[in-house]
Amino acid sequence: MKEEMKSASTLVSNGSIDYKGKIADKRETGGWKASPYIIVNEVVERFAFFSIAVNMVAYLVGEMHQPLPEAATHVTNWSGAAYVLTLLGAFVADAYLGRFSTIITFSCIYALGMVLLTLSGSIDTLRPPQCATKPCIQASTSQTSFLYCAMTLIALGTGGIKPCVSSFGADQFDESDPIEAQKKYSFFNWFYFAINMGAMFGITLLVYVQVEFGWGWGFGIPAGATFASIFIFVAGRRKYRYQKPMGSAFTRFVQVIVVSLRNHLKGVVREGGNLYEVDTKESDICGAAKLPHTQQYRYLDKAAVIIEPGGEPKNRWKICTITQVEEFKSFIRILPVWAATIALSISYAQLSTFFIAQANTMDRNLGPYFKIPAGSVPVFSSFNALIVIPIYEKLAVPFLRARTGHPRGITSLQRIGAGLFVSIFAMVSAAAVERTRRGERSGGSRVSVFWLFPQCFLIGTAEVFSYVGQLEFFYDEATEGTRSISSAVFLSEIGIGSWLSTAAVKMIVRGSGGVKKGWLREDLNESRLDYFYWILTGVNALNFFVYLWVARRYKGRRSEPAAAVELAAGQIHDNGEGIF
């Protein structure tokens, strides 16, 4: 009897199951027993992605003979598509496959894309002839199509993996257990540390291989690593905790919109407690607990108004449950915060485009025998994260926790705000350094590439604060049935930021005189890139104040697990997560 009670106390309470389909046991599954397998998968995916992203402009310009502004646009569009496709990956995971199977499926698609990219970099007939003097022969339609096919598969693979891997990692911690819930926030910090570890190796090791040994080796090594990561990820399957697919959240959202509009047009009025909910312990969303009713966005409550009393309605296109309506409300609440953080992604997009273009024109010699590859410059940003995160996790969090009483030291919204504030100074530094670079260049000398360190360091610091803050925020504020989608919404912001960067470049090129006479020309030394950076500085400053306004008014959903964690830390906050 005692053994049965002990066994029951070690079972998770969030509905997670083990690989046999039984309720997961904390002693055998989840936590830091399972997380390393997940983190390794993410390290390799970022290793491959960044080895491509930071040097793809050089590949398109040097091998495919595209103009610099056009190549930068193609790379930002590709990167943007990879992150926006996370919405597709989240839909597949939540509605059909579950997170584990979705990661496996899209990892295989990713690996196939890497194989095709390796062929493009290895086979001469898949690229135009080498060119010593301009004008060069442009890549043929078939050569370009083959390359874009490979990049499309990689973007699709990224879109399927990214929204699931962080949520799947967080699923390994039971939120109703204060100890495990606290470990979950440490997981988010170390998860971002892993992202930057993979990025650092991709930016340094792989870029060096690409420069010294050729594109075939540069693309082939991450392709092999991608296959290895799939086997490592599968090897941890006995230790994982799994959440069953809960059906399409998008369908449930549309049902709430349709039913509430229909009832509004019919003149239906909500009265007191005449809202519908199923008569069972759990909600009718597979694997999800019931959600309490809230007063925010009350017009959506009309979707759950009981018009014909009696019976048990089944058709959700006619009447929705309170839980279904509250699920949609929770999703709507995060959208203003999401929109108010996009500007940082526009600035971050410069890390793999114009920052590298600047590095190409600077003195990159490190001693008499080694020259830093231009594509490795973003390592300044990744290296920053590798230093800051351990310090923040081991020193800053305990220090802040002792003074604020908050389990994470500061709230997720405060952490995001800190990142947005730092991003302003990152672009100020970028504009000042670019002006100095041009001045020295016109005088016949070249400044050291280490002048780019401040802007890369600051943009990396901004990412350390904002990215992890957003990981925490979007996971915490999501309901059980929308966590993959919530992560995808956050990640799609990075993609939209890349596209907005492309749009900004095009508008500035057209508005300032074109690629021959404008601010952004094919020859960076004749461009006025510093003007572009000053514009981004203004955008970041304006965005920061907009974010403050949004964050001050944010009212988060109040979940019992979050309350349990805060109670364990000694403080309950009544209004969710306000910024102050």
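Predicted model: local features only at pLDDT ≥ 70, side-chain atom pairs only at ≥ 80, totals over all residues.
View 1. Two or more lining residues come from each of α2, α7, α13 (379–404) and α15 (453–477). Helix α7 is the top contributor here, giving 5 residues. Sorted by class, the lining of the second largest cavity holds 11 nonpolar, 3 polar and 3 charged residues.

**View 2. The largest cavity, one of 9 cavities of 30 Å³ or more.** Here you are looking at about 180 Å³ of space. Of the 16 residues that line the largest cavity, Phe50, Ser79, Tyr348, Ala349 and Ser352 lie nearest its centre. The elements giving two or more residues to this lining are α2 (31–53), α4 (68–84), α11 (342–348) and α16 (483–511). With 4 residues, α4 gives the most. What charged residues will you find in this lining? There are none: the lining of the largest cavity has 11 nonpolar and 5 polar residues.

**View 3. Helix α7, residues 178–213.** Let's follow α7 from end to end. At 1.5 Å a residue, its 36 residues should span 52 Å, and the end C-alpha atoms are 51 Å apart, so the two values agree. Look for Gly202, where α7 bends by about 25 degrees.

How values were computed:
Residues numbered from 1 in each chain as written. Heavy atoms only, no water. Expected span 1.5 Å × (residues − 1). Bend = angle between axes of the 7 residues up to and from the residue. 1 Å grid on protein atoms, 1.4 Å probe; cavity = no way out; pocket = protein on both sides within 12 Å on 5 of 7 lines; lining within 4 Å. Points joined across faces, edges and corners; volume = space filled by probe spheres on them. Nonpolar A, V, L, I, M, F, W, Y, C, P; charged D, E, K, R; others polar.
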